[in-house]
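Reader: I am new to reading structures. Could you walk me through this one, feature by feature?

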Amino acid sequence: MTDKTMDVFVKKTGGWAASQLEACTRCGMCAEACPYYLSTGNPDYTPIWKVELLSRAYQQRFTLVGKVKTALGFNKPISDEDIKDWSLIDFNACSMCGKCAAVCPMGIEINKLIGTVRAGVTAAGYAPEGLKSKAKMQDEVGSPNGDGPEAYKAWFDSAEKEVGIKVPVDVKGAEILVVFTSLEISNKKSNLYDLAKILEASGISWTTSLEARDAFNMGTIIGDGKLQKKLLGRIYNTAKELGVKKILVTECGHGFVALRDNMPNVFGEALPFEVTHIAELLPQLIDEGKIKVEAGKYANGKTYTFHDSCKIQRAGGIFEEPRTALKLLVGESSFKEMASNREEGLCCGGGGGLRAIPEALDNRMSAFKLKLNELQDADADVVVSTCDNCQLQLKDGLNFYEVGDVEVKGLIEMVADALVVN
């Protein structure tokens, strides 16, 4: 199994990775950005230590000093036990939030290096069982929770009964292809109904697909490049066949970044369509007058705050658009920022697949406590997010700490509720 990990590391340790590994000055700034290190004090959870396995492999295979030290027995070759240890560190105590990279004065993309370590661990078969089973399920069925085309068809069909709108499926020539996250069909079916009302009111032609239905990408999460490409291909090929101008991701962070940023590299060409997120589209529709909402609909005396999701906001750069829409709905005076926001926003603790790793519960709840402190310092009655996974983690954390006076909402539901239809 060690050989498989080393093969991955050797394949991925080119000039870019080498320069990144050599650039670290051990300043410690990444540690002060990591919610898992800050909340637990565990030195193993410092971001730069999370890539130590890759650094050791690089030193032993590609540097003269490393080769000599290994030959003389001063450096221990990487063992299966090492790989198991780093699986616990890089999967159970890292959400791939990217804040470590954002604060690094040397510009080291630590989160991408951690992704390489995850890939090596996965190749050796030591990824967490919860993630392996979900990856297998998405490979075979299409969604990590096991919902196949029949389940999605039933969900799409139910919209006509729920809101009187027939959801279009696999319509060629539509402007927008909507892709969801499996968390919505299992936890928040109303997102489809709310989105259908919004898109119908906008007059934009749109479609869903039974093949390209789930933006979530378990290949990205576990570091399996072949699976990532296979899952991206389902959406990529469908979008090209349907001839859409845009792919709209509803409330998935990892899926959004995988589609927008990874897909062009995976397929080696500029995308013939745009990839956008609901956090971008909703404010755009309001600003262009394609939909009308009741300003101040949620100006009800409560204090609202916005949670910056790591992939949608920090990685995606979508900071002001959702805030603009939210402030319109709640009123400027009802909105209050948390102490850490935008690029500096704190991870909720549940990304990177951690919600699917039971053994990581203590770590993700420890990390969430930092977010909870900021919510309470802001006197927030309601926290709004544009990521379904973040919403579930926020709810899990509030329940865990028995905080019953903070509500969690999604922007889609709020815009749909405030929609003015002539």
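**A first tour**

Author: The protein has 22 helices and nine strands. Its radius of gyration is 22 Å, close to the 22 Å that the globule rule gives for 422 residues, so the protein is as compact as a globular protein of that length. Please keep in mind that this is a predicted model.

Reader: What box do the C-alpha atoms fill along the principal axes?

Author: The C-alpha atoms fill a box of roughly 80 × 50 × 35 Å.

Reader: And what share of the residues counts as buried?

Author: A residue is called buried when its relative accessible area is under 20%. Here, 56% of the 422 residues count as buried. As for the surface, the protein exposes about 17,300 Å², and carbon and sulfur atoms supply 49% of that area.

Reader: How much of the contact pattern comes from residues 24 or more positions apart?

Author: Among contacts with a separation of 6 or more, such residues account for 81%.

Reader: How many bridges hold each pair of strands, starting with E1 and E2?

Author: Strand E1 (residues 176-179) pairs with E2 over two bridges, in the parallel sense. For a residue-level view, look at Ile 176, whose bridge partner in E2 is Trp 206. E1 is also joined to E3 by four bridges, again running parallel. There, Val 178 stands opposite Leu 248 of E3. E3 in turn pairs with E4 in the parallel sense over four bridges, and the bridge partner of Leu 248 in E4 is Thr 276.

Reader: Are the residues on the two faces of E3 buried or exposed?

Author: To judge a strand, check the residues on each side in turn. On one side of E3 are Lys 246 and Leu 248, on the other Ile 247 and Val 249, and all of them are buried.

Reader: Which unit do E3, H16 and E4 make?

Author: They make a right-handed β-α-β unit. Another such unit, also right-handed, is made by E7, helix H21 (residues 388-400) and E8. Strand E7 (residues 382-385) and strand E8 (residues 407-410) run parallel and are joined by four bridges. Val 384, for instance, stands opposite Lys 409 in E8.

Reader: Can we end with a single residue? Where is Leu 375 found, and why does it count as buried?

Author: Leu 375 is found in helix H20 (residues 361-377). Its relative accessibility is 0%, so Leu 375 counts as buried. To see its surroundings, leave out residues up to four places away in sequence: Leu 375 then touches Thr 305, Met 338, Ala 380 and Val 383.

Reader: How far is Leu 375 from Gly 296?

Author: Their C-alpha atoms are separated by 22 Å, and the two residues are 79 residues apart along the chain.

Methods:
Residues are numbered from 1 along each chain as its sequence is written. This is a predicted model: local features need pLDDT of at least 70, side-chain atom pairs count only at pLDDT 80 or more; totals for chains, interfaces and linings use all residues. Side-chain values use heavy atoms; hydrogens and water are left out. Buried means under 20% relative accessible area, exposed over 50%, partly exposed in between (1.4 Å probe, protein chains only). Contact means heavy atoms within 4.5 Å. Two strands pair if DSSP finds at least two bridges between them. The radius of gyration is taken over C-alpha atoms; the globule rule is 2.2 Å times the number of residues to the power 0.38. Accessible areas come from the Shrake-Rupley method with a 1.4 Å probe; for residues, only the protein chains shown count as cover. A crossover is right-handed if, with the strands pointing away from the viewer, the path from the first strand over the helix to the second runs clockwise.
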